[in-house]
Amino acid sequence: MKWHLIDISNEACHTESNERILDQIIQLYRAENWWKEPQDNRDSLIRLIANSHVFAVALSENQQVLGMGRAISDRTSDAYIQDVAVDAAYRKCGIGNTIVSFLIDTLRQSGISWIGLISQNHTYSFYRKLGFNPMKAVAMILP
């Protein structure tokens, strides 16, 4: 199967084809159980994309969303990769590797020197294979 990668963080999101892509991205967020609330909708996704440093989407030839990933940053020195997901039917095809590599390359080209992420337990080995190492830090959240 042929597919390609695009950065939609600089694209106009209100075209008919892009709205179909946005709806598929929302479906992918929901499939990962990251989005459940009514406010998790197209408008919030458009803001999320616009405020990302880079938002990569893997698309099939017929514009089906196969995977995604994004990075947020201060656009000077630090960035975090997050929301990397591949449709379950297309895992183990190199899509995730390509998405993360694209995010890293884009960030490096922007002068970002520190790139981090928080790995879920089941994705730990995936990121290790891509060169990420554990930090000696404790992830914290304000409830």
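**Close-up 1. Strands E3 and E4 form an antiparallel pair in this predicted model.** Strand E4 covers residues 78–86, and six bridges connect E3 with E4; two strands count as paired if DSSP finds at least two bridges between them, and strands (E, at least two residues) and helices (H or I, at least four residues) are DSSP runs, numbered from the N terminus. Across this pair, Ala 71 lies opposite Ile 81 in E4. The hairpin of E3 and E4 has four residues between the strands, and there Arg 75 adopts a positive phi near 60°. This is a predicted model, in which local features need pLDDT of at least 70 and side-chain atom pairs count only at pLDDT 80 or more, while totals for chains, interfaces and linings use all residues. Residues are numbered from 1 along each chain as its sequence is written, and side-chain values use heavy atoms, with hydrogens and water left out.

**Close-up 2. Five strands make up an open sheet with mixed pairing.** The order of the strands is E1-E2-E3-E4-E5. Strand E1 (3–7) and strand E5 (114–117) stand at the edges, and because each has a single partner strand, one side of each is left without a neighbour in the sheet. Neighbouring strands of this sheet are turned by 20° against each other on average, direction ignored, where the axes are lines fitted to C-alpha atoms and angles run from 0 to 180 degrees between N-to-C directions. Strand E2 (residues 54–60) runs antiparallel to strand E3 (residues 65–73), joined by six bridges, and Ala 56 faces Gly 69 in E3. E4 and E5, in turn, run parallel and share four bridges, with Leu 117 in E5 as the bridge partner of Ile 81.

**Close-up 3. Helix H2 spans residues 42–50 and contains several buried residues.** Ser 44, Leu 45, Ile 46, Leu 48 and Ile 49 are buried, where buried means under 20% relative accessible area, exposed means over 50%, and partly exposed lies in between (1.4 Å probe, protein chains only). At the start of H2, the backbone nitrogen of Asp 43 has a side-chain oxygen of Asn 41 within 3.0 Å.

**Close-up 4. Two methionines, Met 135 and Met 140, lie in the segment after helix H4.** Helix H4 covers residues 124–129. Met 135 is exposed, with a relative accessible area of 53%, and Met 140 is also exposed, with a value of 77%. The C-alpha atom of Met 140 is separated by 31 Å from that of Asn 10, which is 130 residues away along the chain.

Definitions and conventions:
A polar contact is a pair of N or O atoms within 3.5 Å; within protein, one must be able to donate a hydrogen and the other to accept it, and residues adjacent in sequence count only if both atoms are side-chain atoms.
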